[in-house]
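Dear colleague,

I am passing on the structure we spoke about, and I would be glad if you kept it open beside this message while you read.

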Amino acid sequence: DVTEIEEKEAQAKQEEQILKEQELSNLLHEKRYLKALGLAISLDRPHTVLMVVKAILKETDGRKHLEETIGRLRKDQKEAVLAFLVTWNTNSRNCHEAQAVIETLLKHEAPESLLQYSGIKSAVESLLPYT
C-alpha cells in the first residue's frame, strides 16, 4: 500500500508551497522585486506577477525600475511574463501594466531575440486587437 507514502509526499509539497508563499510575501514587503518576480513566475502565479509589476510601477522612477527588473530576467522568465501579459492586456484594469511590460520588452529585446520566444506568434496575435 503506497497511500501513506503519497500522503507524505503531498504534505511535503504543500509545506514547500506554504514556505514559498511566505518567502514571496517577505520579498514584496522588503521591496526585493527581482527575486519576488522570479519566485512568482516559478510558482506560475500570473496575478502575483501582476502585483509585483504594479508595485514596481508605483515606486519613484517606476518605469526605469521595471525596465531594469525585466531586463535582468532569464529568457524563459520573460517568455512566462509575455504569456501572462497577454491575459492582463484584455482587462482594462490591468492593461496599463501589460503595456508597460510590452514596451520594455520591445525596447530592450532585439527583434531576432523576440522571434525566438516560444509562443510569440500567438502572443502577438492576441495582443493586436487590444493594443
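Predicted model: local features only at pLDDT ≥ 70, side-chain atom pairs only at ≥ 80, totals over all residues.

Side chains of opposite charge can pair when their charged atoms come close.

In helix H1, which covers residues 3-29, Glu16 and Lys20 lie 4 residues apart, about one turn of the helix, and their closest N and O atoms are 3.5 Å apart in the salt bridge they form. Glu16 counts as partly exposed because its relative accessibility is 43%, and Lys20, at 28%, is also partly exposed.

Glu21 forms a salt bridge with Arg45, with 2.3 Å between the closest N and O atoms. This pair links distant parts of the chain, since Glu21 belongs to helix H1 whereas Arg45 sits in the loop between helix H2 (33-42) and helix H3 (46-58), 24 residues apart.

In helix H6 (residues 95-108), Glu103 and Lys107 are again placed 4 residues apart, about one turn of the helix, and a salt bridge joins them, the closest N and O atoms being 3.6 Å apart. Through salt bridges that share partners, Arg63, Glu67, Glu103 and Lys107 are joined into one network.

Finally, Glu112 is found in helix H7 (residues 111-115) and counts as exposed, with a relative accessibility of 55%.

Definitions and conventions. Residues numbered from 1 in each chain as written. Heavy atoms only, no water. Helix = DSSP H or I, 4+ residues; strand = E, 2+ residues; numbered from the N terminus. Buried < 20%, exposed > 50% of the residue type's maximum accessible area, 1.4 Å probe, protein only. Salt bridge = Lys/Arg side-chain N within 4 Å of Asp/Glu carboxyl O.
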